[in-house]
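My entries follow the structure.

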Protein chains: 2
Amino acid sequence: MSQTIGFIGLGLMGRPMAKNLLKAGYKLVVNSRSQGPVDDLVSSGAVRAITPADVARQATCIITMVPDSPDVELVLDGPNGVFTALQPGTIIIDMSSIAPGVARRLADRANALGGTMLDAPVSGGDIGAINGTLSIMVGGDAAAFAKAKPILDVMGNPEKIVHIGESGSGQLCKLCNQMVIGGTLVVVAEALALAKKAGVDAGKVREALLGGFAQSRVLEVHGDRALKNTYKPGFYTHLFAKDMRNVVATLAEHETAAPVTAVVQQLLHATMAAGRGNDDNSVMAKTVFDMSGLK
Amino acid sequence: MSQTIGFIGLGLMGRPMAKNLLKAGYKLVVNSRSQGPVDDLVSSGAVRAITPADVARQATCIITMVPDSPDVELVLDGPNGVFTALQPGTIIIDMSSIAPGVARRLADRANALGGTMLDAPVSGGDIGAINGTLSIMVGGDAAAFAKAKPILDVMGNPEKIVHIGESGSGQLCKLCNQMVIGGTLVVVAEALALAKKAGVDAGKVREALLGGFAQSRVLEVHGDRALKNTYKPGFYTHLFAKDMRNVVATLAEHETAAPVTAVVQQLLHATMAAGRGNDDNSVMAKTVFDMSGLK
């Protein structure tokens with residue numbers, strides 16, 4: 001008989017991830033704030049749970065995929081949360097992107113209740129979620145990681161699932177990931193802006209740069225979106241802004257100086273202020289172009 | 001009988017590039033400030049020229065590979081420079097990295113004297129020069145580019161030689177390249193610094209990030225150097241600082257706002273001030289680590 005997995009949070013990312021688990025033959029108990037996605041999963045064979053506690057009663061492996069730290073705290077540690085009904089030996093896999101400090105605290109709580117919690121944030125966007133090719137950065141107990149690996153393999157690319165270290169290290173790695181994406185995105189936009197202002201074919205510049213040390217996935221994918229001026233998400237800018245808030249709080253916590261990241265966050269504020277929170281995060285390029293009077 | 005090529009500037013890059021031309025069967029007339037590299041090339045079959053004018057008398061295709069704008073101005077437009085003895089129909093290929101405005105002005109001068117000048121700066125470092133796998137960004141006349149292409153193919157990867165547009169656009173593209181490398185380098189260092197400060201395995205973080213949207217050649221190559229704390233050039237930091245001076249001057253010329261690039265230049269000043277000009281440019285990571293008290 002196949003294993004039952006609890007899945008909490010059926011948003012842009014969670015819904016296709018849950019569907020891939022169903023397709024792989026797992027039994028699913030699902031819970032989400034919006035009932036539309038729940039109805040969708042139930043029609044594909046999942047069982048509806050009214051509360052997170054209701055999930056915990058029916059599954060000893062529980063995945064959470066919600067927006068931010070307070071959301072994870074609510075579904076795990078809130079009223080009718082998972083912790084109120086946790087079965088001994090349960091593995092919680094939090095695949096949300098949240099503050100590493102919160103991940104560590106919740107993992108300690110899970111331990112105290114006889115469970116285990118992994119932090120396992122992802123990268124790769126909705127396309128990665130749909131295709132089951134996400135990269136996954138995992139923090140927490142190595143034995144729990146080994147048990148969870150076959151389940152993670154269904155949602156991610158098995159070669160891109162890395163056990164980073166102890167609790168919180170998956171989240172910390174995700175913050176590093178967002179820092180690098182943000183900085184690369186802004187500097188790519190600055191370079192393309194210079195080309196445009198100088199009357200040089202920015203598409204040719206992108207092509208040439210992809211052939212050398214300036215190559216990056218951001219130049220390839222986001223650079224292309226910037227030149228085509230199409231910012232359909234993808235990955236929402238308001239979620240990127242949330243991640244950057246966690247980045248700067250964590251930089252402060254560990255007394256780490258990151259001047260480029262500081263500039264990136266200010267440009268992200270400008271991007272939000274321009275009403276671009278629901279565009280793809282590559283829309284930061286538009287903010288950079290605007291500064292130089294480019295369309 | 002094979003074509004004769006003039007080659008001026010046999011430094012860290014020019015010397016292996018000239019050697020590859022010799023190996024490919026071209027006749028070479030060489031000139032350089034230091035006589036050591038000239039002796040080396042002559043012992044391999046090249047002909048020594050005492051001055052750049054002397055090169056111009058013996059070749060109708062002339063490559064220049066010197067450090068900065070004033071050096072190119074000197075060997076072309078100075079006393080005993082190439083322009084004093086230019087044969088009609090000569091193609092000058094300047095593969096140095098210099099200011100786009102200077103490249104345009106010198107190309108105009110070459111035209112007025114009956115010649116043609118391409119700006120063709122490279123990316124790929126000494127390894128690319130030695131292996132003949134450089135990427136080359138070319139500005140200038142399309143017919144001259146077509147004539148020069150077989151020669152460029154010897155020094156670069158034929159698939160990574162891009163004709164960007166008119167005179168100066170190759171140099172402008174190179175500046176874009178350096179902006180992107182600089183910004184990516186600093187933000188990668190910031191992310192690795194956060195991992196180190198948080199006590200997380202920075203090598204694992206690098207590995208995980210290479211699997212997703214944070215992937216870049218800089219994370220792969222320079223990130224590895226930063227983690228191993230080995231900064232053997234490669235590409236000298238003092239030359240990178242020269243490129244960044246050309247970047248900021250060109251940003252000002254075209255009224256382009258580039259706040260991340262501005263921060264990168266300041267960190268480059270700090271890197272030079274720390275006496276790291278003769279290290280590989282990836283040593284900027286050390287400057288970032290220093291700021292957070294990391295070794």
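I began with a contact in chain B (heavy atoms within 4.5 Å): Leu185(B), Val186(B), Ala189(B), Glu190(B), Leu192(B), Ala193(B) and Lys196(B) of H8(B) meet Met284(B), Ala285(B), Val288(B) and Phe289(B) of H13(B). I sorted these residues into nine nonpolar, no polar and two charged; Ala, Val, Leu, Ile, Met, Phe, Trp, Tyr, Cys and Pro count as nonpolar, Asp, Glu, Lys and Arg as charged, the others, Gly among them, as polar.

The model is predicted: local features need pLDDT of at least 70 and side-chain atom pairs 80 or more, while totals for chains, interfaces and linings use all residues. Residues are numbered from 1 along each chain as written, chains are lettered from A and ligands numbered from 1 in the order written, and side-chain values use heavy atoms, without hydrogens and water.

I looked up the axes of H8(B) (residues 169-197) and H13(B) (residues 284-291): they come within 9 Å and cross at roughly 40°.

I then turned to chain A. 27 of the 29 residues of H8(A) are buried, so this helix is largely enclosed by the rest of the structure (buried is under 20% relative accessible area, 1.4 Å probe, protein chains only). Just after H8(A), I noted Gly199(A) with a positive phi of about 75°.

The axes of H8(A) and H10(A) (residues 217-228) come within 10 Å and cross at roughly 50°. That makes H8(A) oblique to H10(A).

How values were computed
Axes fitted to C-alpha atoms, helices over the stretch in contact; angles between N-to-C directions. Helix = DSSP H or I, 4+ residues; strand = E, 2+ residues; numbered from the N terminus. Buried < 20%, exposed > 50% of the residue type's maximum accessible area, 1.4 Å probe, protein only. Parallel < 35°, antiparallel > 145°, perpendicular 65-115°, else oblique.
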